[in-house]
Amino acid sequence: MEKHLLCPGRSARTLLRLTCLSFWRVLRSCWRSSRSRRALLLAFACLLYLFCLELWINSGDHDRNLTEGRRWTLERIPGSTAPARSNVVYITLKSKRHKPAILRATLRPKSRRKKVRNVENRSRDAARHRGEETLKRVESRDPWRKVLDSLYKPGQLNGDDDDGSSIRIYSQKSPPWFSQADIETMRFLSKCKIGRVEVLKPENAPPALLIKSVSGFNRSSERAGECDGRCGVIKGPEDMSEVFAFHLDRVLRLNRSLVAISRRFHALDGQLCPVTLYDPSVVPVPESRSGSLRWSSYQTWLRYRCWQRGVPKLEWNCSSLHHHEWSRVTLFDFLLQNHQRFDRNCCGFRPRPQDSCVQLGYHRECGNVDTLELSHIVHRENDPRRLVYINNDVFFDRDEENLDFKLLEGIKELPEAAVSVLRSQRLRQNLLQSLFVDEQFWENQGGRRGIDKLIDVIEGRARVLLRYINAHGLNIVAMNS
């Protein structure tokens with residue numbers, strides 16, 4: 001007894017030996033028994049094995065059914081984090097980022113235009129005029145223009161959602177970058193009952209529809225611009241990116257773009273179109289004494305910092321816009337890669353052969369700085385120091401290796417509020433929260449997954465811009481709104 005207590009390993013081996021010996025004796029006694037008894041024992045062993053196997057399989061199925069049952073239950077519990085197919089999107093949660101893929105048709109480049117043949121024996125102005133005429137003939141066959149031409153006289157145009165607004169704000173407090181006027185305007189544009197429609201065909205812009213609400217225009221006035229703040233402009237589906245640009249403008253705290261929402265109309269074949277606020281006080285910035293607004297004059301204004309240190313001198317030939325306005329709009333245009341305002345000739349990047357600047361011959365004039373003209377430079381008559389951003393197309397398909405850095409030429413400082421948003425790494429979360437407000441645009445782009453792809457493009461350009469700021473030592477200045 002004492003030996004076994006002192007040597008536990010030896011006692012264990014002895015017990016194992018006795019157990020094996022007992023099992024062997026039982027097995028020998030069974031084998032010596034009759035053949036029928038041996039068959040009965042073998043059948044019992046097989047049944048025991050099958051019973052254990054079935055019990056193991058049933059336990060796995062039970063666990064799997066329990067998991068599916070828990071998931072089915074969690075999907076129906078309010079506030080649970082289980083994935084559910086509902087109309088509520090938790091936009092504050094991070095998801096796997098995907099590389100930018102082929103974007104939807106509403107955000108692709110505008111329709112391709114026919115190439116204008118160059119006539120060598122004519123002057124440059126005559127060739128440009130002939131190219132513009134060809135472009136007008138091509139655009140006349142565009143489906144959107146055919147829809148507009150069918151509305152040859154004023155009439156009524158109803159949307160799909162006259163009874164309710166597609167602007168959704170579930171919390172009591174809207175996102176902080178939206179003013180109360182922005183919220184009211186978005187709701188008005190998304191659900192207003194339209195009483196009158198007019199076709200607008202501006203000279204240097206695609207045609208659009210001017211809509212007037214039932215109680216929102218001056219009936220005694222014969223001018224189309226008399227709207228009393230209750231008018232909107234419907235643009236073609238290819239301009240849907242202006243809705244994204246509006247939300248980016250508000251998130252960056254620039255507050256210069258006109259309110260833009262998306263809305264679907266029966267009379268326009270059910271197409272989802274952008275609708276922007278019509279402001280009759282927005283007019284082009286007057287031309288300088290040297291003529292139209294040119295690139296050379298613009299660079300001169302940047303050097304003299306017009307209106308930043310008081311009234312500028314007459315010999316500077318400054319425009320009515322404050323110096324800080326150029327810094328704001330260039331940051332905005334760089335993120336959008338919108339070259340139509342400052343680089344209409346596509347001199348700062350490699351354009352494609354089908355781009356209008358190549359087809360119309362503008363790209364060949366990059367060597368002559370005096371011929372470069374600015375476009376879409378507008379302001380309000382009652383606020384001549386501030387720019388108003390119009391025609392804010394977003395070119396999502398431009399590669400980061402082919403960005404237009406000419407937009408930043410001459411810029412020495414950028415707004416602190418906008419740069420702080422880019423540096424805080426909250427751009428994605430804020431854009432998701434902002435774009436979620438426009439239900440029509442959100443669903444048209446494929447929900448959270450599609451919106452993430454668009455934000456991926458903007459975030460990549462934001463990183464490039466921050467590296468450019470550090471490399472060139474640009475100043476970050478607090479600019480008054």
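A: Phe 332 touches Ala 245, Leu 248, Asp 249, Leu 254, Ser 257, Arg 341, Tyr 389 and Asn 392, leaving aside residues up to four places away in sequence. A contact here means that heavy atoms lie within 4.5 Å. This is a predicted model, in which local features need a pLDDT of at least 70 and side-chain atom pairs count only at pLDDT 80 or more, while totals for chains, interfaces and linings use all residues. Residues are numbered from 1 along each chain as its sequence is written, and side-chain values use heavy atoms, with hydrogens and water left out.

Phe 332 belongs to helix 9. Helices (H or I, at least four residues) and strands (E, at least two) are DSSP runs, numbered from the N terminus. Phe 332 counts as buried, since its relative accessibility is 0%. Buried means under 20% relative accessible area, exposed means over 50%, and partly exposed lies in between (1.4 Å probe, protein chains only). Leu 407 is 75 residues from Phe 332 in sequence, and their C-alpha atoms are 9.9 Å apart in space. Helix 9, which spans residues 323-336, is mostly covered, with 14 of its 14 residues buried. Just after helix 9, Gln 337 takes a positive phi of about 55°.

The view may now be widened to the nonpolar core. Such a core is a set of buried Ala, Val, Leu, Ile, Met, Phe, Trp, Tyr and Cys residues joined through side-chain atoms within 4.5 Å. The largest one has 84 residues, and Phe 244, Leu 252, Trp 326 and Leu 427 have the most contacts inside it. Helix 14 (residues 447-472) gives the most to this core, namely 11 residues. Leu 252 touches Leu 331, Leu 335, Ala 417, Ala 418, Val 421, Leu 422 and Leu 427, again not counting residues up to four places away in sequence.

Leu 427 leads on to helix 12, where it is one of the buried residues, together with Arg 428, Asn 430, Leu 431, Leu 432, Ser 434 and Leu 435. Helix 12 is thus mostly covered, with 7 of its 9 residues buried. The cover over these buried residues includes helix 7 (241-251), helix 11 (416-423), helix 13 (439-444) and helix 14.

Ser 434 lies in helix 12, which runs over residues 427-435. Ser 434 is buried because its relative accessible area is 0%. Setting aside residues up to four places away in sequence, Ser 434 touches Trp 177, Phe 178, His 247 and Val 251.
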